[in-house]
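Open the model in your viewer and keep the selection panel at hand.

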Amino acid sequence: MSPADIFVVGAGMHAFGRHDGVSGRDMGEHALRAALKDAGIGWSDVDAAVGGSNVSGKPDSLVSRLGLTGIPFTTVKNGCATGGVALSTAADMLTAGRAGIVAVVGFDKHPRGAFASDPAAYGLDPWYAQTGLMVTTQYFAMKTRRYLHRYGLDEYALAAVSERAFANGAAHPMAWRRTPLTSAQVLASPMINDPLTQYMFCSPGEGGVALILARGERAHDMCERPIRLASVEVRTRRPGSFEVFSPWLTTDPVHSPSIDAAASAFAGAGVDPADVDVAQLQDTDSGSELIHMAETGLCEHGEQAQLLGSGATDWDGDLPINTDGGCLAGGEPIGASGLRQVHEVVRQLQGRADGRQVPGGPTVGFTHVYGAPGLSACTVLTSR
Amino acid sequence: MESTAIDDRLFVELDPPLLAGSSCGDCDVVVFPAAHRCPGCTGEYVTRIALPNRGTIWTWTTQAFAPKPPYQPSSSGFEPFVVGYVDLGAVLVESRIVGEVAIGDEVELRLLDVGGGQVTFAFARVVS
């Protein structure tokens, strides 16, 4: 699906981090009001809404706070890809002509520590969790180890991803982790799932993000610098991919829903990966970002160490990645995380980034989320 | 006390241990644990088979923190452990690993006590 004429006309966010006494729904409401203000409209102007939260309440219940205007409000829940799926659903409503202005919201408030997962919800029997295998961080570490082995990369590339994320986060007022860390500090932090150390993992966190989408003619009336949603694509896994919570895999699993979603998003937008001026990639851990750089087509497999080492992925490099600090510096409130990526790219393309502004007037942005049990959502956004 | 399998469906037999997978008659995809329908091609002609008891380490990691319930650490406290995927030729199986390993190491199937009189499957390096 290629949304021909859909624009982001407003973006709002509740800072990520830990916010005692503030509920997930509070953060969603805060983000929605900020996005409406950014678009210069009121809730009564919104024709339809889509919301996502993994564990922190029903997004559609926000109508009781914003106004009982009677609009359709769709709730989505697709793991770490929730934000991308919410955006895709909103785009479909606009493309189908069912709405002229759609609000998208995502929020979550996770308890401390690693995510707990219910085997039955994934179609797995209790033994899988009882024997200690149902841990998402194990998957990230095992996929990373195989990837490093296959493409001749090492832990210094993993540390470079974290160093850059924390440097960007330190400059971003919405980020959670605001202290820069050197690669040496990242490597010296406790080993969590070998080869991934503590500072190579993001933490479940809290936050909210909202976007306002509109169709072409209205978008330009409402917003001085609307950002075109040139494509948004969602894909689930196919045979031969290496996914989280898999008691078995096919031999030599090299496929990934990220590959499919990214290729389709670039094709739908008529954009080449080489044209991307700023990208946000799923970085639940630094190994995942390394892998996603190549799976999305932004570089060749094995090329990552050179790109990271040369500063190409820094905010002022040729291929800036996770300019807001990504999940590593922001934490991962699941429902909000994918929309956070779009929020950052929109602000970058409008030339009003909250943190480090990519120089030179970026015009093409890309976002990528990946979630359990094997799905990905990608967008291409342009200021043209 | 005699140990019992944490889930009978994982094993063809416990002594000596053999894992039960299934093989698709239409597309030859082998899966573990055994399935009634092939997740590769959705075919219904699947046969329960015993998986090889030896393979090689395809990837691995360590688990340094205690997983959340229903995992239960032993009564003497949580001990970090190793997990990995073992290449059994037709399928990669995710498993607890006993001892240290590297990619490519040859490993063989054994049982692992998980407390409460229950055992699960694990692989350990073949001692040559």
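What follows is a list of stops, with what to select at each.

This is a predicted model: local features need pLDDT of at least 70, side-chain atom pairs count only at pLDDT 80 or more, and totals for chains, interfaces and linings use all residues. Residues are numbered from 1 along each chain as its sequence is written, chains are lettered from A and ligands numbered from 1 in the order written, and side-chain values use heavy atoms, without hydrogens and water.

**The sheet.** Select the nine strands of chain A in the order E3-E2-E4-E7-E1-E8-E12-E11-E10. They form an open sheet with mixed pairing (strands are DSSP runs of at least two residues, helices of at least four, numbered from the N terminus; two strands pair if DSSP finds at least two bridges between them). At the edges are E3 (73-76) and E10 (278-280) of chain A, each pairing on one side only.

**A strand pair.** Select E1 (6-17) and E8 (227-236) of chain A: they run antiparallel, joined by two bridges. Phe7(A) stands opposite Arg228(A) in E8(A).

**The helix.** Now select residues 334-349 of chain A, helix H13. Gln348(A) lies in this helix.

**Gln348(A).** Is Gln348(A) buried or exposed? Gln348(A) counts as buried, because its relative accessibility is 0% (buried means under 20%, exposed over 50%, partly exposed in between, with a 1.4 Å probe and protein chains only). Show Thr323(A) next: its side chain makes a polar contact with that of Gln348(A) at 3.5 Å (N or O atoms within 3.5 Å, one able to donate a hydrogen and the other to accept it; residues adjacent in sequence count only if both atoms are side-chain atoms).
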